[in-house]
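User: I'd like to learn how to read a few features of a model. Could you walk me through them?

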Amino acid sequence: LIKVKEKHYLHWSLEIIDEQFESILSTNKLYANGGTSWGTNAINLLLEELRILYAFYSANHIVTDDFYTFRQAITKGIEGVLISFTTDKSYEYRFKEFDSLLLSFMFFFVEEKKLEKLFKEYKIQSIPIIESEKQSFISTITNFFTFQYTTGIWDSINFNDDILKQDYFSSYRQSLRFIFNKIMLLLSKAELSDEELNPITEPFVNYLRVAEDFNHNNWTYAIKFFKAKIQIFSSKQIKTIIELTFDDKHHNSGDDVLESICDIAFKKANFVLTEDDKAFFEKLFNNVTTACKKCNRVHDTKQIFASWNIANETGKQVIKQKAVEYLESKFDADFYMDAAFKGVFTKDENPDLLKSFIESVIESCSPYDIKQDNGKWKFQNFTGFNFINCLAYLNVDFKQENIQEISKISDYYNWLINYETYDYTNFDLKWLTELHFPYHIKEKLQQIEPLKEKVTNELKINYDDKLAEFYTKNLIK
């Protein structure tokens with residue numbers, strides 16, 4: 001009988017939420033089309049029903065984690081709130097500010113991908129919070145971090161034993177990872193000052209230091225938060241966060257995470273490592289060039305360049321020295337290319353390394369790198385193309401003898417290398433629209449009169465939108 005009663009109330013509540021949802025949506029569409037309305041009750045009735053539904057289940061200690069229909073009702077209600085929030089501002093009774101309970105509904109009951117989808121669908125750029133509710137919201141988030149670790153003697157920090165005892169893939173531990181992601185999403189949009197967010201900084205960093213549940217997906221959501229608010233952390237805390245992206249515990253953070261956080265810290269918080277941080281670079285280089293203790297594989301050695309933007313001149317010299325030592329011991333063309341694009345090397349530095357790179361370019365280029373498929377040109381291999389783009393970025397003279405070897409590989413590479421002197425009489429204009437062209441050469445095409453003449457004549461005879469767009473963007477001064 002109890003189950004019947006509970007189910008009856010849930011479905012009754014869902015019907016009320018659906019009804020108010022449709023009313024809110026109707027008002028939203030009405031105002032979007034220039035109409036007006038005097039209705040004021042729908043959003044209030046929706047909010048009231050959400051609170052009653054939650055109170056009923058929490059007061060009766062009904063387990064809701066896996067109760068699909070309950071979560072479905074809450075999610076539908078939250079979507080209704082967002083629709084009201086995004087209704088034209090001329091509508092006086094639209095929803096305007098969130099309280100702590102509604103925000104907790106989002107990260108406890110709405111599925112991660114669904115929440116992200118709703119924010120994207122309704123273009124939620126910021127989330128205003130009722131002034132009196134801000135402290136409650138911050139406390140809830142702080143508690144989420146602190147309950148997952150314990151502090152021992154001499155301020156040692158350890159992951160919560162009760163959580164650790166459960167299987168990594170248990171529904172509970174997975175739910176914690178999902179909740180973290182949703183918290184990061186909300187914090188990235190919450191209208192909270194740096195001062196108001198400050199209480200979460202230490203618990204957040206402590207949690208990162210010991211978390212056994214952190215994975216690449218969690219880092220992806222953390223980066224969303226960092227993009228908005230990394231400046232709330234102290235320089236010491238930012239350094240700790242960066243170090244945690246490449247330590248053994250977080251070895252699965254992903255090769256792009258370190259660079260993303262370094263760049264964000266530099267741009268948003270003016271974070272720069274100093275002369276005292278030489279050990280940081282040593283640790284980073286050793287970590288990315290030696291086999292990981294957990295997975296027994298070497299991670300992407302190019303990660304050493306991720307910290308280039310946050311390094312002062314001393315740090316940059318350390319990175320450059322380590323990069324040269326690595327390339328001299330085992331030349332890696334991809335590694336050299338990344339260094340060049342980061343500005344670690346110029347064409348005049350380390351001429352022996354440039355010579356090795358050019359040899360790699362020649363070896364990488366093949367007449368089969370491009371082909372026609374059903375009348376359309378397409379790449380089969382981008383390696384040679386990318387390397388040539390790097391040579392152009394370094395402003396290497398393409399007329400030198402070793403570079404000219406590349407032009408002999410195919411007519412396409414002959415054009416890329418000798419674009420200034422190339423015979424455009426029988427040039428295939430589809431190369432311009434169907435194949436990529438090295439970014440660092442494009443700006444020089446404006447000076448190639450035979451190419452411009454070839455394109456303009458073709459447009460006069462057989463106008464093509466894509467060719468016209470290329471002409472407008474790249475051939476007109």
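Analyst: Helices (H or I, at least four residues) and strands (E, at least two) are DSSP runs, numbered from the N terminus. This is a predicted model, where local features need pLDDT of at least 70, side-chain atom pairs count only at pLDDT 80 or more, and totals for chains, interfaces and linings use all residues. Residues are numbered from 1 along each chain as its sequence is written, and side-chain values use heavy atoms, with hydrogens and water left out.

User: Okay, which residues of α11 are buried?

Analyst: In α11 you'll find Asn218, Trp219, Tyr221, Ala222, Ile223, Phe225, Phe226 and Lys229 buried. They pack against several helices, including α5 (112–121), α8 (171–189) and α13 (257–269); contact here means heavy atoms within 4.5 Å.

User: And how do I check the length of α11?

Analyst: The expected span of a helix is 1.5 Å times one less than its number of residues. With 14 residues (216–229), α11 should span 20 Å, and its end C-alpha atoms are 20 Å apart, which agrees.

User: How do I read a pair of helices, and at what angle do α14 and α15 cross?

Analyst: Two packed helices are described by the angle between their axes and the distance between the axes. Axes are lines fitted to C-alpha atoms, for helices over the stretch in contact, with angles from 0 to 180 degrees between N-to-C directions. Those of α14 (residues 278–289) and α15 (residues 313–329) come within 10 Å and cross at roughly 30°. Angles under 35 degrees count as roughly parallel, over 145 as roughly antiparallel, 65 to 115 as roughly perpendicular and the rest as oblique, so α14 and α15 are roughly parallel to each other.

User: Which residues meet there?

Analyst: From α14, Lys278, Phe281, Glu282 and Phe285 meet Gly315, Val318, Ile319, Lys322 and Tyr326 in α15.

Key
Buried means under 20% relative accessible area, exposed over 50%, partly exposed in between (1.4 Å probe, protein chains only).
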